[in-house]
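Hi everyone, thanks for making time. Let me put the structure up on the screen, and then we can go through some charge pairs and the contact between the chains.

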Protein chains: 2
Amino acid sequence: METVPPEEAVERAKAALDRDTLLSTETVPTHESCGRVTAGPIFARYSSPTFHAAAMDGIAVKAESTFAAREDAPVALNHGDEFLFVNTGNPLPEGMNAVIMIENVVQKDEVTALIDAPAFPWQHVRRIGEDIVATELLLPQNRELTPCDIGALISAGIYEIEVRERVRTVFLPTGDEVLNFLDKPEPRAGQVIESNSQVFKGYADSWGIDAAWSKPVPDDEDTLREAVLKALEDGRHMVVVGAGSSAGSKDYSKKVFESIGTVLVHGISVMPGKPTLLGVTDERSGFPGRLLVGAPGYPVSAVVCHEKILAPIVHWLMGKALPERSHADVILARKTPSRPGMREAIRLAAGRIGDQIIAAPLARGAGMITTMTRAQAVTYISEDVEGAEQGQKVHAELLVGEAELDRVLVHVGSHDNTLDLLANELMGLPVPLRLVSSHAGSMGGLTALKAGSALFAGAHLFDPDSGDFNFPFIGRYLKGVDVAVFNLAIRHQGLIVAKGNPLGITGVDDLKRDDVTFINRQRGAGTRILLDHHLKTAGIDAREVNGYENEEFTHMAVAVNVLTGAASCGLGIFAAAKALDLDFVPLARERYDLVIPARHQDDPRITTLLDVIRSDDIKAKIKNQGGYETDLTGREMEPGMGLNG
Amino acid sequence: METVPPEEAVERAKAALDRDTLLSTETVPTHESCGRVTAGPIFARYSSPTFHAAAMDGIAVKAESTFAAREDAPVALNHGDEFLFVNTGNPLPEGMNAVIMIENVVQKDEVTALIDAPAFPWQHVRRIGEDIVATELLLPQNRELTPCDIGALISAGIYEIEVRERVRTVFLPTGDEVLNFLDKPEPRAGQVIESNSQVFKGYADSWGIDAAWSKPVPDDEDTLREAVLKALEDGRHMVVVGAGSSAGSKDYSKKVFESIGTVLVHGISVMPGKPTLLGVTDERSGFPGRLLVGAPGYPVSAVVCHEKILAPIVHWLMGKALPERSHADVILARKTPSRPGMREAIRLAAGRIGDQIIAAPLARGAGMITTMTRAQAVTYISEDVEGAEQGQKVHAELLVGEAELDRVLVHVGSHDNTLDLLANELMGLPVPLRLVSSHAGSMGGLTALKAGSALFAGAHLFDPDSGDFNFPFIGRYLKGVDVAVFNLAIRHQGLIVAKGNPLGITGVDDLKRDDVTFINRQRGAGTRILLDHHLKTAGIDAREVNGYENEEFTHMAVAVNVLTGAASCGLGIFAAAKALDLDFVPLARERYDLVIPARHQDDPRITTLLDVIRSDDIKAKIKNQGGYETDLTGREMEPGMGLNG
């Protein structure tokens with residue numbers, strides 16, 4: 001079966017399901033029906049108000065008896081037959097048809113009121129049925145009830161209401177390698193902690209459906225079939241089988257679906273999201289006409305399945321409008337190739353810069369749920385094209401409110417743990433700022449500034465000829481861009497080695513050893529440039545370094561390689577070694593600076609950022625990480641300063 | 001104390017509250033923390049994946065051993081030391097660093113695999129920490145947790161999480177005249193059914209706070225004080241006292257607040273919403289530093305208080321961003337005066353017409369909750385101006401998704417019960433359409449068409465000279481606008497009189513009687529024009545008709561006046577008399593038509609509308625109302641047809 005576009009997948013499900021048979025109706029107390037959908041038209045039982053009511057504190061009168069009143073010829077009214085005192089909300093006394101505000105009444109004596117202006121009929125009176133007339137149509141069928149609807153219904157004496165049933169569903173995670181998070185497991189190699197059920201649950205709750213989940217079901221066809229049949233028996237309208245992290249030989253969902261129903265869709269033409277499966281049960285299941293879903297195992301694929309397939313189907317089932325996300329045109333900060341024939345979901349770190357929204361594509365792996373937690377937007381690159389260019393304007397779904405984009409600091413550049421520290425600090429401000437980082441290396445940061453696609457860039461580029469940092473590179477690659485440079489910290493770079501340094505590594509000369517494997521940083525990273533400088537000084541050819549071609553994008557990733565034995569050592573910062581309890585062989589001190597274009601220096605986000613890095617509090621926290629010095633932190637740098645400030 | 005703008009009211013509350021003292025933190029299971037806000041930074045406990053994992057089904061190899069492979073010179077690998085079979089998700093066997101997809105492997109014999117292309121290192125491998133690196137910052141403080149965040153947290157082994165407490169609040173409705181809806185009351189004159197607590201509850205639930213409510217508290221200062229103190233004792237951070245429908249002498253909230261705290265705001269400069277009260281408790285309450293709120297009694301005032309005052313304060317307390325509504329520029333369909341010095345909330349029936357969103361202002365009474373259920377948008381007219389003009393572009397908050405506006409049929413014109421019937425029918429379509437009606441009378445409808453501010457107009461204008469309907473008026477008032485006219489129904493107009501017709505009313509001649517009071521329709525209504533025609537024919541001057549100057553806007557409102565004895569009779573349709581079990585003295589048959597501009601005739605909403613009114617099903621339902629004939633229903637009318645089609 002071929003993959004189909006998500007819209008087609010949704011249409012197939014709609015065509016195969018009879019929602020009026022599938023979902024019944026139920027009567028619920030009106031005050032518990034917010035978010036539910038009316039099963040039929042609702043007519044008012046009582047009017048609101050049920051009586052002519054005074055809308056002001058004052059006196060009730062017959063308007064006609066005041067028509068002659070003038071400022072110089074007031075009309076006197078007698079208490080009882082000609083006027084009566086009323087408060088707001090009181091019923092209008094019989095025969096009266098207007099209210100005069102108490103401040104416009106002169107009380108001549110105990111029983112006489114003087115009026116110096118005519119009252120018009122029904123003035124300051126809320127008339128019967130002003131809001132609701134008994135018997136009128138209050139709400140039509142298929143209305144998703146809002147808080148105000150509940151108010152109107154109760155006001156009209158509707159205390160119970162017939163609504164459509166909620167969709168009942170269950171998520172069945174599968175996989176022998178998948179651990180139940182309720183057991184608080186410590187995963188070993190080959191094991192993953194099950195979490196897709198909870199992502200689904202979060203979506204399902206936001207849709208207002210009744211969603212349960214089970215512990216992981218082992219990779220066994222019969223066991224899975226039993227679990228699905230049990231869910232149908234329990235009255236679930238939709239059963240979602242979540243694939244494990246594995247695929248292929250262990251994926252029994254399709255076989256199970258085919259044994260109790262018809263598979264409608266086997267794969268959608270969206271990446272991530274492709275291995276989405278849809279089916280409908282038949283008589284063999286005992287409960288025909290229910291929806292079967294195979295959700296992909298990779299978390300981002302599952303999210304695409306929930307958002308693009310399940311959300312539209314579920315809302316249609318319930319007769320609700322699909323909530324719309326805000327959309328905006330954003331400028332892509334990087335060229336983004338994509339596969340023709342497949343629509344591709346690109347997660348974006350996005351923020352407003354000037355009058356544009358700049359969006360840096362995040363990593364694309366379907367297994368990377370953190371790209372969803374980091375993203376402010378998602379764009380879909382059409383199946384008709386081979387990608388999008390840097391600087392191209394693309395239409396994106398916003399994951400945060402549009403105003404939030406003014407509070408995002410888009411950083412592109414070198415990675416440093418201090419940025420995470422900063423990110424947390426900025427979220428603690430009275431008006432929180434969100435620092436989003438695209439790890440592109442120091443050179444990548446400068447390139448982004450040149451393209452106008454970052455608010456600032458972190459760089460630690462050492463120039464051996466001058467002994468200076470960053471300025472020589474700025475001069476070369478940022479010609480014509482006026483920037484200021486502020487130091488974030490001086491940091492220690494060194495070789496991260498296993499605890500106890502079992503191989504006795506003492507410097508770059510050891511990288512030539514046969515028993516030493518190195519893990520490198522990506523091209524353009526300041527740390528790689530530093531390594532190359534040290535290799536050159538020591539007269540070592542890169543080809544002599546075992547593992548030189550293996551790249552990671554962050555210090556922490558380098559440290560993880562050492563921790564797991566995938567490499568014997570890598571060049572990185574002390575903080576990364578310390579975090580994973582590894583040893584550290586110091587090699588150099590370097591300046592990590594923030595490069596800020598002059599045109600952004602008055603941006604309130606930048607002035608806030610600079611205020612924060614100048615505070616004693618943050619300096620103490622930076623130092624506390626170990627391997628950092630803060631003598632220059634927050635100070636503006638000038639060319640030629642080197643490490644001396 | 002003067003009224004203050006809502007922004008100022010919010011700032012005063014923020015300044016008076018210490019949120020870090022008021023709200024504590026708590027530890028909750030991660031899978032129950034969606035929507036909560038992190039109390040501090042969260043660092044990953046485990047990496048994800050925790051191992052190098054195969055990303056495809058195939059064989060694991062050392063990349064180096066495949067570098068020589070060519071299509072014409074395949075490399076043979078031995079099972080065991082040179083390759084091993086792996087499925088997606090399996091840990092990469094020790095020493096291997098790449099996966100070759102099974103479809104690219106030729107199995108020569110049981111232990112030998114042939115490879116005809118080199119594998120590059122780490123191909124088809126998800127490396128350790130690809131998604132999450134242990135110890136790294138996963139989420140910063142003050143993060144509102146999304147479903148994807150929950151997935152990331154569990155993947156990283158975070159099974160419990162410290163979050164900010166939820167705001168706890170209670171709504172205390174007040175008023176002797178207010179009935180507890182849980183008792184399913186039948187209100188008498190002077191009584192209203194309490195519903196504001198449930199509107200508040202609906203808002204509070206959408207904010208994710210813990211909201212309780214009580215039965216109505218009687219109008220007694222000490223009783224109210226006790227209720228407030230009890231709520232504080234119960235740990236409520238915010239106590240909302242809902243005023244009854246009455247105000248003035250019975251409003252004890254302020255006195256109570258002053259006795260246990262400080263009043264910060266007494267009135268906001270927004271209508272509806274003005275009588276909003278804010279205070280903060282002091283030592284006398286036993287629980288200093290809590291928020292006291294006096295919510296207005298009129299439902300729309302209360303809604304403005306919730307949206308403009310409480311929502312920002314509550315979100316600030318919880319460290320959440322205030323959810324943003326979509327905004328759009330809309331064209332006002334009518335001149336809308338407003339009071340300088342007060343911001344005015346105008347509820348709008350809005351829909352897209354062509355490339356504009358046209359918005360007809362709904363009734364403005366603060367007591368009319370149905371204006372909130374009918375509106376698709378709200379605009380705020382600034383305190384600096386005296387109103388907005390017809391055709392003026394104003395900025396509006398959308399209460400529905402923007403795409404919903406394409407599914408709204410904006411009707412301006414004469415009211416007929418059949419429109420409610422149609423509205424319900426249109427909501428039953430596979431893609432529901434929402435019919436919103438601005439009751440402006442037949443002439444008002446034609447005027448709206450002329451101004452381009454309605455998709456269609458309902459009209460039943462009788463021209464005595466020609467004996468024809470609508471066309472003579474279209475010729476006069478819609479010059480240059482090309483329209484088509486379709487009949488909705490022929491309907492019976494007559495005098496609606498009390499059950500049993502106690503005054504023996506038989507025709508318009510009776511309207512001259514002293515003991516008969518009439519209730520009229522508004523100027524421009526076809527029914528009023530019909531009345532004037534009958535009065536003229538009978539030689540009766542309008543001044544002879546007792547009550548001629550009293551106007552209502554709908555047939556149902558006229559009928560309610562008769563039902564309650566506010567008038568002896570009024571001219572209206574049979575359906576209105578029947579709905580309220582009143583008697584009906586037939587006077588005339590008339591054609592109620594839908595006037596549709598030619599430029600909208602291909603609009604899918606209009607073609608759907610015409611399809612619906614041509615169905616036998618709807619004709620039966622129209623007839624079933626009584627007082628309608630459907631011989632012409634759905635047929636296009638021509639000038640001169642009169643009642644004969």
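Start with Asp222(A) and Arg225(A): their side chains meet in a salt bridge, at 2.8 Å from N to O. By salt bridge I mean a side-chain nitrogen of Lys or Arg within 4 Å of a carboxyl oxygen of Asp or Glu. The two residues are separated by about one helical turn, because they sit three residues apart in helix 5 of chain A. Helices here are DSSP runs of H or I with at least four residues, strands are runs of E with at least two, and both are numbered from the N terminus.

The cut-offs are under 20% relative accessible area for buried, over 50% for exposed, and partly exposed in between, with a 1.4 Å probe and protein chains only.

A quick word on the source: this is a predicted model, where local features need pLDDT of at least 70 and side-chain atom pairs count only at pLDDT 80 or more, while totals for chains, interfaces and linings use all residues. Residues are numbered from 1 along each chain as its sequence is written, chains are lettered from A and ligands numbered from 1 in the order written, and side-chain values use heavy atoms, without hydrogens or water.

Next, Arg352(A) pairs with Asp406(A), with the closest N and O atoms 2.6 Å apart. Asp406(A) is partly exposed, at 37%.

Now to the two chains. Chain A can be laid on chain B with an RMSD of 0.1 Å by a turn of 180 degrees and a shift of 0.0 Å along the axis, superposing by least squares on C-alpha atoms of residues with pLDDT of at least 70 in both. That is the relation of a two-fold axis.

How many residues are in contact? It's 105 of chain A with 105 of chain B, contact being heavy atoms within 4.5 Å. The buried area is about 8300 Å², with 59% from carbon and sulfur atoms; that is the accessible area (1.4 Å probe) lost on putting the two parts together, summed over both.

Finally, six salt bridges cross this interface. Lys184(B) and Glu160(A) form a salt bridge too, at 3.6 Å between the closest N and O atoms. Happy to take questions!
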